[in-house]
Amino acid sequence: MSDAPIRKATAAGRWETVPVHEYKPEGSAPFRDVTRQVLFSRPELACEWRYFEVAAGGHSTLERHEHVHGVMILNGRGACLVGQEVRSVGPHDLVEIAPHTWHQFRATEAGPLGFLCLVNVERDRPALPDEADLEALRADPRVAAFIRV
Ligand code: MN
């Protein structure tokens with residue numbers, strides 16, 4: 001829950017009183033150079049609105065889960081995997097991640113990729129791919145070239 005109704009942006013992807021956290025606990029899942037900020041979270045909302053920033057050359061965890069993500073790219077450029085689809089993404093693009101769909105975000109080497117992500121407060125834990133999952137994903141050469149684990 002925020003302590004002020006209005007929190008001014010202080011820079012691209014930074015806001016007054018919003019702390020910048022590690023994306024996930026170190027060693028809990030494979031990822032590289034990602035931060036997490038919770039922008040809106042209060043009991044009256046059934047959802048949370050977060051901002052993630054993947055540093056240049058970094059990537060989010062390759063994962064899937066029951067809960068859905070509604071994503072809007074806010075800053076920078078990169079690419080994402082959703083299911084079997086790999087697409088480049090940039091500011092204001094929308095990405096919807098349906099239940100049980102493999103997904104991963106990568107920033108370009110040139111700069112960070114920042115995106116807003118809406119999720120349910122009550123949600124299941126992400127699952128990571130096992131060897132059989134990776135083999136199935138890698139059957140598609142574009143997916144094989146994209147994913148980082
Ligand atoms: Mn996810």
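**A walk from a pocket to the metal site**

Let's begin at the second largest pocket, whose lining is made up of Cys-80, Val-82, Glu-85, Arg-87, Ser-88, Val-89, Asp-93, Leu-94, Val-95 and Glu-96. Here a pocket is an open set of points on a 1 Å grid over the protein atoms alone, where a 1.4 Å probe fits, with protein on both sides within 12 Å along at least five of seven lines; lining residues have an atom within 4 Å of a point. This is a predicted model, in which local features need pLDDT of at least 70 and side-chain atom pairs count only at pLDDT 80 or more, while totals for chains, interfaces and linings use all residues. Residues are numbered from 1 along each chain as its sequence is written, and side-chain values use heavy atoms, with hydrogens and water left out.

Strand β8 (85-89) gives this second pocket four lining residues, the largest share. Strands here are DSSP runs (E, at least two residues), numbered from the N terminus.

Next, look for the manganese ion. Glu-63 (OE), His-65 (NE2), His-69 (NE2) and His-103 (NE2) coordinate the manganese ion at 1.9 to 2.3 Å. Donors are N, O and S atoms within 2.8 Å of the metal (3.2 Å for Na, K and Ca), and water is not among the atoms, so sites may look incomplete. Glu-63 and His-65 are both buried, meaning under 20% relative accessible area with a 1.4 Å probe, protein chains only.

How values were computed: Buried < 20%, exposed > 50% of the residue type's maximum accessible area, 1.4 Å probe, protein only.
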